[in-house]
Amino acid sequence: MKRIAVDLHSHSGYAGGVGQICLEDVSRTMKLKGIDVFGTGDCLLPVRTQELQALLREEESGLFALKGDSSRFLLQTEVILSTQIEGYTNRTVAHHVILFPDFASIQKMQRIMQRHGDKNTIGRPFIVTENPAQLQDRLFEMQDVHPDIEIIPAHVMTPDGIMGSKNNLRSITEFYGDFTPNIRVIETGLSADPSMLGTIPDFHRLTMISNSDCHSAALNRIGREFTILDAATFDYRGIIDALRGNNVHLTAEFNPAEGRYFMTGHDKDTHTIFYSDPPKDYRCTICGKPMHQGVLHRSKSLQDESLKPLPRKFLHLIPLVEVIAAAFGVKNASSKKVRSTFDAIMSVYPSEIALWTSDDLLAELSHVIPDHVLQAICHVQAGHFRFDPPGYDGKYGELKID
């Protein structure tokens with residue numbers, strides 16, 4: 001078995017709200033973080049497809065690299081699927097990560113989208129269908145492009161996720177219908193973890209992975225969440241088989257309270273408020289406007305406590321540069337002081353993942369960095385941190401290291 005650290009959900013400069021990101025910068029950050037395989041982001045957009053074909057060459061089957069570089073990329077995009085389900089006023093809209101084994105499969109998918117008139121002019125393409133039956137036909141058509149294409153519901157409990165509060169579905173089968181058995185993997189998202197999702201019947205036996213969903217090559221974005229797989233081979237098929245077989249060694253997760261949609265609340269110019277016990281009608285008690293149900297409360301409404309969660313190993317982590325910044329009392333995680341301290345730590349460890357999985361940080365770092373920074377790192381490794389206030393209504397939680 002080969003242990004592979006993967007981060008399989010990202011965006012390029014062609015996605016909304018994302019600056020230009022070059023693969024050389026991504027590769028440098030991957031090495032510092034310890035990420036072996038990274039999702040390219042936005043590979044279905046034709047201009048991005050051409051760019052990736054020009055820059056990357058296949059090294060192992062289905063894994064690509066820049067010339068002379070050791071970092072590996074896997075072809076990936078996020079796609080937004082929508083349909084109208086009977087009994088629901090609003091359209092059901094859900095984000096998905098799709099993994100591709102080769103450029104030929106991407107080109108076949110692009111032709112299918114063109115034939116159906118799908119919008120494919122931005123990084124996250126839209127596939128709009130009129131009803132679940134039509135959606136299921138499209139999903140089977142996509143899967144038939146190549147048996148190793150993997151369709152993964154993204155950040156499943158956030159408002160834009162399949163079981164998020166905007167959709168308010170009772171079960172994923174309402175959306176996927178006959179395609180449901182082909183959903184084998186879900187992405188937990190930044191506002192949830194396996195302990196929150198493990199007793200939801202629809203997710204109980206599925207593979208749970210974590211990805212950064214990052215929009216830049218910064219040290220606190222790439223690999224802010226990641227998954228370590230036990231794969232038989234270091235190639236695309238090895239990764240897909242590990243995902244489908246639930247061969248997850250561990251996932252590194254945000255503490256859900258850091259995620260932007262963890263609690264129910266309102267973060268507005270005129271008022272900010274979050275609710276540990278939200279109003280039953282989910283209307284703000286200050287302005288009276290409707291609020292999106294937070295991931296904490298949405299997941300609780302779906303949990304079946306009689307289910308025994310499957311054993312899943314996961315860590316709650318914070319990006320190292322953010323821990324260093326907190327120890328120094330600065331907000332800028334890319335400041336010179338933070339980066340020089342990070343570089344000093346990397347003179348001891350081959351990567352950030354190696355740091356977090358070390359058994360003796362005190363002995364290894366005591367002569368390298370200031371004591372208060374070392375103590376902060378040790379506290380985070382031991383799980384002695386919290387977010388107060390927690391994340392809500394698109395606002396990240398505020399870190400407090402105990």
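Axes here are lines fitted to C-alpha atoms, for helices over the stretch in contact. The views below all come from a predicted model.

**View 1. Helices α9 and α10 where they cross.**
Here we look at α9, residues 320-328, and α10, residues 336-346, whose axes come within 9 Å and cross at roughly 125 degrees. That angle makes α9 oblique to α10, since angles from 65 to 115 degrees count as roughly perpendicular and those over 145 as roughly antiparallel. The crossing of α9 past α10 is right-handed. On the α9 side, Leu320, Val321, Ile324, Ala325 and Phe328 make the contact; α10 answers with Lys337, Val338, Thr341, Phe342, Ile345 and Met346. Sorted by class, the contact holds 9 nonpolar residues, 1 polar and 1 charged.

**View 2. The largest nonpolar core, seen around Ile377.**
This core has 94 residues, and Phe203, Ile345 and Ile377 are the ones that touch the most other members. Helix α13, residues 371-381, supplies the largest share, 6 residues. Setting aside residues up to four places away in sequence, Ile377 touches Leu320, Val323, Ile345, Leu355, Trp356, Leu361 and Ile369. Another core, of 19 residues, lies apart from this one and includes Leu99, Ile152, Ile209 and Tyr236.

**View 3. Asp148 in its loop.**
Look for Asp148 in the loop between α4 (132-143) and β8 (150-153). Is this residue buried or exposed? Asp148 has a relative accessible area of 9%, so it is buried, the cut-off being under 20%. Beyond its neighbours within four places in sequence, Asp148 is in contact with Leu99, Pro101, Tyr236, Arg237, Ile240 and Arg244. Among these, Leu99 and Tyr236 also belong to the core of 19 residues.

Key
Residues are numbered from 1 along each chain as its sequence is written. This is a predicted model: local features need pLDDT of at least 70, side-chain atom pairs count only at pLDDT 80 or more; totals for chains, interfaces and linings use all residues. Side-chain values use heavy atoms; hydrogens and water are left out. Axes are lines fitted to C-alpha atoms, for helices over the stretch in contact, and angles run from 0 to 180 degrees between N-to-C directions. Helices (H or I, at least four residues) and strands (E, at least two) are DSSP runs, numbered from the N terminus. Angles under 35 degrees count as roughly parallel, over 145 as roughly antiparallel, 65 to 115 as roughly perpendicular and the rest as oblique. A crossing is left-handed if the near helix is turned anticlockwise from the far one by less than a right angle, and right-handed if clockwise. Contact means heavy atoms within 4.5 Å. Ala, Val, Leu, Ile, Met, Phe, Trp, Tyr, Cys and Pro count as nonpolar, Asp, Glu, Lys and Arg as charged, and the others, Gly among them, as polar. A nonpolar core is a set of buried Ala, Val, Leu, Ile, Met, Phe, Trp, Tyr and Cys residues joined through side-chain atoms within 4.5 Å. Buried means under 20% relative accessible area, exposed over 50%, partly exposed in between (1.4 Å probe, protein chains only).
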